[in-house]
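Notebook open, model on the screen.

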Amino acid sequence: MTGRRFSLHDLPSLHDLLRVKPLETLAAESGRPSELRRVLGLWQLTSIGLGGLIGVGIFVLTGVVAATQAGPAVSLSFLIAGVASAAAALCYAEFAGMIPAAGSAYTYAYAVLGELAAWIIGWDLLLEYALVVAVVSIGWSGYLQALLGQLGLALPVWASGAAGTGEGKVVDLAAILGALFVAGVLVLRIEWGARFNAVMVVVKTAAVLLVVAAGLPYVSLENWTPFMPYGFGGVVEGAAVVFFAVFGYDTLTTAAEEAKDPQRQLPRAVLLSLAVALTLYVAVSLVLTGMVRYDTLNNPAPVAAAFTAVGLPWATFVVSVAAVAGIISVMLAFLLGCARICFAMSRDGLLPAWFSHAHPRFHTPHRPTLVIGALTAIVAGLYPIREVAELVNIGTLSAFVVICLSIIVMRRTRPDAPRSFRTPLVPYVPLVGVGFSIWLLSKLPAAAWERFAIWMALGLIFYFSYGHKRSKLARAGAAGARSAEV
C-alpha cells in the first residue's frame, strides 16, 4: 500500500464550497419514490412540533423566571420571546413550503448558501439535537423518580443518578432506558412513533389545561402587584431565558419526506404548534403568578408547589404525570430530527452512505436513530450534564440566523420560485429573528463557545478530509465538466 502526499489540489475550490443544491434538484428528490413513507398528516406534524416545544419549560421556567427576573410579568417575557421565535418560525414556514425535503435547516442552507454552510449547520445541529435528547433524558429521569416516590417506589441508590451527583450514585438507569426506549419507538414505522408522540402531547396538553382550569378560581389580583417588580429590564432578561422554551418547532420540518402534503402541511404545522405552545405558556404563567406570590416560586417544581400552597395536593401528582409524558415527547421530537438530518447528510455523500439506508420493513432511518440513541443514552446515564446544556443553545440560534438570512437572499436570487407560504414583511421579519438570535448568542458563556469551537473544528477536519471528496453534488459537477470537455 503506497501513500500519497497531501497537495493543495486536494482542497476544494471556493466554487465547490459555495456550490448550492438547486431547488429543482431538491424538488425532484422529494417527489420521486423514497425509502421513507409519506404517512404524516397535519395533526401528526403539529404534535411533533408541540412535542419539541412543551416540556420542562412550562413546569419549571414559568416559576423560576417569575421569582428571579420578571415577576408576574413573566407572561410578557413569553410574549417577547414568542415574537422573536415567531420571526424565525415564519422563515422556516416559507422554506418548508419551498423545499419539502428531509434535513430542515441543513437542506435549506444547501439550497441557498452552499455546501460548506450546509455542512456547518448540519454538523452543528447533529450535536445540538443529540445533546437535547441527553439532557432531557436526565430531566425525565428526575421527574419519573419523583413520580415513583409518590407511589412508594424507588430505584436503588446506585441506579438513581450519574457518579458525582450524590453519594452512592453510579449510573442514571432511568435516563438510559428512556433514551433507548425513544430510539426503539422511532425505529418502528414513523406513524407508530407519531401516534405515540401524539398521545403524549394530548396527555400533557390536557394536564396543562387542567392546571389552568383548576388554578383559575384561586387567582388573586393582589399577587399580580407589583406586576414588574424587577422593571422592564427584568422582563427582557426573562425573555432571553424563556426563549429556549419556545423553539422546537423546527424538529417537525426534518420529517418533510414523511409528510403526506409537505408544501401545504409543514408551514401550517410550524405556525400552529408555536401558537398553541405560546398560548399555553402565557396562560400557565398568569395563573401561576396569580395563585401565589411570585417570590415563592423559585424551586424545581413551582407548579406543584403552588397547588400545594392553595390546598390542592392532588395537582402535584397530575403535574408529575404530565411532566413525564411531556418530557419524553421532547426526547422523541429531537431524536427524530437528529436522525433525519444525519440521513439527509449521508444521502448527499457528506457522511458515510451506511447511514442513508432505511429499514427494509419499517422504512425509517433506523441506523442513525439507533446509533444516536445509544450515544445519548451513554451520556445521559454516565455523565452529570450541567454546563453542557448551554451548548444546545448555540446550535439552534445559529440555525435561526442562517435561516432568517437565507430568506432574504432567496427572495433576491429566486423571486420566481414557487412558494406555498410567504414570510410577511421581508426583510424586516427575518432581521428581527437575526437580531434577537445574535443578542442571545452574545449572552452565552465563553466555556460554551470553547466547546462549540472544538466540535466545529472536528467537523471541518472531517469535511475537508472526507465529505467534500464524496459529495454527490460535487461529483455530479465534476462529471458534467468532464463531459463538456469531451
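My entries follow, starting with the ground rules.

**Ground rules**

I'm working from a predicted model, where local features need pLDDT of at least 70, side-chain atom pairs count only at pLDDT 80 or more, and totals for chains, interfaces and linings use all residues. Residues are numbered from 1 along each chain as its sequence is written, and side-chain values use heavy atoms, with hydrogens and water left out.

**Overall**

I looked up the secondary structure and got 20 helices and zero strands. Helices here are DSSP runs of H or I with at least four residues, strands are runs of E with at least two, and both are numbered from the N terminus. Of the 486 residues, 57% count as buried. For burial I use relative accessible area: buried is under 20%, exposed is over 50%, and partly exposed is in between (1.4 Å probe, protein chains only). Then I checked contacts, meaning heavy atoms within 4.5 Å. Among those between residues at least 6 apart in sequence, 84% join residues at least 24 apart.

**Val-242**

Is Val-242 buried or exposed? I find Val-242 in helix H11, residues 231-242, and it counts as buried because its relative accessibility is 0%. Leaving aside neighbours within four places in sequence, Val-242 touches Leu-61, Val-65, Ser-77, Phe-78 and Ala-81.

**Rings**

I searched the whole structure for aromatic pairs and got 18. The rule covers rings of Phe, Tyr and Trp (its six-membered ring) with centres within 6.5 Å; planes under 30 degrees apart are stacked, over 60 edge-to-face, and the rest tilted.

Trp-119 and Trp-123 have ring centres 5.3 Å apart and planes at 20°, so I log the pair as stacked. Both sit in helix H8 (residues 115-150), four residues apart, about one turn of the helix. Trp-119 is buried at 0% relative accessible area, and Trp-123 is buried at 12%.

Phe-436 counts as buried at 16% relative accessibility, while Trp-439 counts as partly exposed at 28%.

Which residues do ring pairs link to Trp-119 and Trp-123 in a cluster? I get Trp-455, Phe-462, Tyr-463, Phe-464 and Tyr-466.

**Helix H6 and its partners**

How do H6 and H18 cross? Their axes come within 8 Å and cross at roughly 120°, with H6 spanning residues 74-98. The axes are lines fitted to C-alpha atoms, for helices over the stretch in contact, and angles run from 0 to 180 degrees between N-to-C directions. My angle classes are roughly parallel under 35 degrees, roughly antiparallel over 145, roughly perpendicular from 65 to 115, and oblique for the rest. H6 and H18 are therefore oblique to each other.

On the H6 side I list Ile-80, Ala-84, Ala-87, Leu-90 and Cys-91, which meet Val-429, Pro-430, Val-432, Gly-433 and Phe-436 in H18. By class, this contact has nine nonpolar, one polar and no charged residues. Nonpolar covers Ala, Val, Leu, Ile, Met, Phe, Trp, Tyr, Cys and Pro; charged covers Asp, Glu, Lys and Arg; polar covers the others, Gly among them.

I then turned to H6 and helix H13 (residues 262-291), whose axes come within 9 Å and cross at roughly 175°. H6 and H13 are therefore roughly antiparallel. Their contact divides into 19 nonpolar, seven polar and no charged residues.

I noted a cis peptide bond from Thr-225 to Pro-226, with omega near -5°. Pro-226 is in the loop between helix H10 (190-215) and H11.

Another cis bond runs from Val-426 to Pro-427, with omega near 15°. Pro-427 is in the loop between helix H17 (388-413) and H18. Leu-425 also belongs to the loop between H17 and H18; its phi is near 55°, positive in a residue other than glycine. Leu-425 is exposed, at 64% relative accessible area.

For His-363 I read a positive phi near 60°. His-363 is in the loop between helix H15 (314-347) and helix H16 (366-382), and it is partly exposed at 27%.
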